[in-house]
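Keep the 3D view open as you read.

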Amino acid sequence: MLDQYLPVLMQLSVATGFAVSTLLISVLLGKSAKSNAIKDSAYECGMLPIGDDKPRFSVKFYVIAMLFVIFDIEVVFMYPWAVTFKNFLANGQAAMVFWSMSGFVGILLVAYLYALKKGALSWKS
Amino acid sequence: MPAYYLEILILLLGFTMLGIEAFSSNRSRSGIAVLGISGLFVVLLFLIIAVPSSEVPYDYWGIYHVDKWALFYKAIAILTTLLVLVLAKDFSSAFKKYTSQSNEFSGIGEYYCLPIFVCAGLMWMASAKDLITIFVSLELVTIGFYVLVSFMRRNVGSLEAGVKYLVLGALSTGFLVYGIAWIFGVTGHFDLSGIAEALNSGEIEKKPIIFAFALLMVGLGFKVAAVPFHIWVPDVYQGTSMPITAFLSVGSKAAGFIVLLRVIEPFLNSPLTSSSVILILSFLVCVTLFFGNLVAIKQTNIKRLLAYSSIAHAGFLMMALPAMESGFHSKLIGPSPMESISFYLAGYLLMTMLCFLVITIVSSLTDGENIDDLRGLGARSPLLAFAMLVGVASLAGIPLTVGFFGKFLLFNIAIQYAVFSGSWYIVAFAVLGASAGFYYYFKIIRAMYCGGAEQDGDQLALTISTLSRVVIIVLLAGVILCGVFPKLILGFL
């Protein structure tokens, strides 16, 4: 029964092995330099790791993120539509399947024009 | 014209208004409101005239159902939204104080557009006979309301209301989805007719299906403001702007009830679940009637008072639900529970909107929302005071108003059902609630006519726009005429 867990065990050993070996290789091959406080601190995409935990972001980030999610979801819905498109054509439901997607995209298009006109995508205003 | 064009028309109207808001250089936004009001009126005419009777009842792909109930509740949704826009137009002067410091982006245009999209959601709810459609349309409504409730950005009360509505709304949605998942797991169906078949097939277990039903009731109880899922109601009603309070109180409740009626029907008619469902419903009715009416007595803020009154009315409406049980149906004399509830909701629309219209006009001038702020209204503006008098009397259930006849129909069902099943305690709670109602509604009337205005500030002239004046008179006539000739509404059912 336990042999079905063998892949999990392999995954575990590969993961541990990879981490350990990379660290070992970097210690063995890398040039050792003097350490200082900045070098020893955790690397977090260039941001200072210590500071206020609630930095203030411009609200524009959220607007852009929201728009991104909306259009991302639009594409997500297009995939199953595209996959079933041929079946609907074969059943003679071409108009229905075309207009349903047009309606969906149309709604998002109006919303996009609205957002554009309201300056949601202009960073400077 | 097929009935599903109505929602598309509503959506097109909303998009047109949104487009004008974005692209028009005109700073005044009242044109958008006028377009919305007239557009909704045209769609209402289409609903009455253009839907061919050969299509009623009709089922589109199992996800969109048209019958006379669907059309009736669609009409309620459109009428509610239309009146909300009238209210919003009157409220706009008070509204601008709370949205933006400069007048650059007041957001009033969007404030007129969003109710249109909510209206489309309410109309889809009226046609939904499938748990997925119910869920999607319900979310369309709720997400629209999340924005509308917290629309007055500079008002802390409005933001608080928005956060409370968002958190509790998300919680109730969670219960609803979990209930839907359980129902699908037990019965294997999303559509209500399939669920009804599965319930009567004798192949499913009782415990999980009752659990699923209870979860659904939490989600829908939140929508119709039934105790104990009412916690959000007083705070949100008080915090948000007046037109949205009216919209929540009428639109959300009416659409919640049509969904509730459709969802509980298969459960009530199945011998497997019937007794437990009746027990759950009876409990909800009693606590809702008791709590809503008795807590309302203590309120001094008029929006809070109307919030508890809205809970109490949910209690009266739910009183007819247990009577939908199939064994009782043939024994009932008079209109069926479905007809009585629909009549009551239509009347509730007329009288609540009348009250909110008066309060909006008074409070947008004086900024006061307490019962005391209505003092001396009888002398300041006889029309407004009389409209409020009739609205409040109808909410209490005085004869010759539509509220009386609605209560009469519901009591008729409750008493006959009590004779049938022995559930006299429901009638007892309803009598207690109705009599408490007379006390707290009459506090408003006393303030208007017996209070006497003494401060100078109270003497400000009340200006009523022509549109509001016409709407007030129409609603006033509706409340009285439908109370004297109930056929005016019952004829549609």
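## A covered helix in chain B

Start with H1 of chain B. Its buried residues are Leu6(B), Glu7(B), Ile10(B), Leu13(B), Gly14(B), Phe15(B), Met17(B), Leu18(B) and Glu21(B). This model is predicted. The helix covers residues 5-23 of chain B, which makes 19 residues. From first C-alpha to last, H1(B) reaches 26 Å, close to the 27 Å expected at 1.5 Å a residue.

What do the buried residues of H1(B) pack against? One partner comes from the other chain: helix H4 (94-117) of chain A. The others belong to chain B: helix H2 (30-49), helix H3 (68-96) and helix H4 (108-127).

## Where the chains meet

The contact takes five residues from chain B and five residues from chain A. On the chain B side, four of these are nonpolar and one is polar. No charged residue of chain B takes part.

Chain A has four helices and zero strands. Read from the N terminus, its elements run α-α-α-α. The chain is divided into two domains: domain 1 spans 2-40 and domain 2 spans 59-117. Their C-alpha centres lie 44 Å apart.

How does chain A compare with a compact globule of 125 residues? Such a globule would have a radius of gyration near 14 Å, but chain A has 26 Å. Along the principal axes, the C-alpha atoms of chain A fill a box of roughly 70 × 60 × 25 Å. Of the 125 residues of chain A, 0% count as buried.

## H1 of chain A

## H12 of chain B

Now turn to H12 of chain B. This helix covers residues 302-318 and has 17 residues. It reaches 24 Å, close to the 24 Å expected at 1.5 Å a residue. H12(B) is mostly covered, with 17 of its 17 residues buried.

Ala430(B) sits in helix H18 (residues 424-450) of chain B. Why does Ala430(B) count as buried? It counts as buried because it has 24 C-beta neighbours inside 10 Å, and 20 or more are needed. Leaving aside neighbours within four places in sequence, Ala430(B) is in contact with Leu289(B), Phe316(B), Met319(B), Phe411(B) and Ala414(B). Leu71(B) is 359 residues from Ala430(B) along the chain, and their C-alpha atoms are separated by 30 Å.

Leu168(B) lies in helix H6 (residues 156-187) of chain B. It has 17 C-beta neighbours inside 10 Å, so Leu168(B) counts as partly exposed. Beyond its neighbours within four places in sequence, Leu168(B) is in contact with Ile231(B) and Trp232(B). Phe222(B) is 54 residues from Leu168(B) in sequence, and the two are 8.7 Å apart in space, C-alpha to C-alpha.

## Backbone details in two loops

Look at the loop between helix H8 (206-224) and helix H9 (232-239) of chain B, where Pro228(B) is found. A cis peptide bond joins Val227(B) and Pro228(B), with omega about 0°. Ala225(B) also lies in the loop between H8 and H9 of chain B. Its phi is positive, about 60°, although Ala225(B) is not a glycine. Ala225(B) is buried because 29 other C-beta atoms lie within 10 Å.

Leu400(B) lies in the loop between helix H16 (382-396) and helix H17 (402-421) of chain B. Its phi is near 75°, a positive value in a residue other than glycine. Is Leu400(B) buried or partly exposed? With 14 C-beta neighbours inside 10 Å, Leu400(B) counts as partly exposed.

## Confidence

The model scores ipTM 0.80 and pTM 0.88. Chain A averages a pLDDT of 86, and 98% of its residues score at least 70. Chain B averages a pLDDT of 90, and 96% of its residues score at least 70.

Which element of chain A has the lowest mean pLDDT? Helix H2 (residues 37-40) of chain A does, at 75. H1(A) has the highest, at 92.

Note on methods:
Residues are numbered from 1 along each chain as its sequence is written. Chains are lettered from A and ligands numbered from 1 in the order in which they are written. This is a predicted model: local features need pLDDT of at least 70, side-chain atom pairs count only at pLDDT 80 or more; totals for chains, interfaces and linings use all residues. Domain bounds come from an automatic or database domain assignment. The radius of gyration is taken over C-alpha atoms; the globule rule is 2.2 Å times the number of residues to the power 0.38. A residue is buried if 20 or more other C-beta atoms lie within 10 Å of its own, exposed if 12 or fewer, and partly exposed in between; C-beta atoms are placed from the backbone. The expected span of a helix is 1.5 Å times one less than its number of residues. Two residues are in contact if their C-beta atoms, placed from the backbone, lie within 7 Å. Ala, Val, Leu, Ile, Met, Phe, Trp, Tyr, Cys and Pro count as nonpolar, Asp, Glu, Lys and Arg as charged, and the others, Gly among them, as polar. pLDDT is the predictor's confidence in each residue, from 0 to 100.
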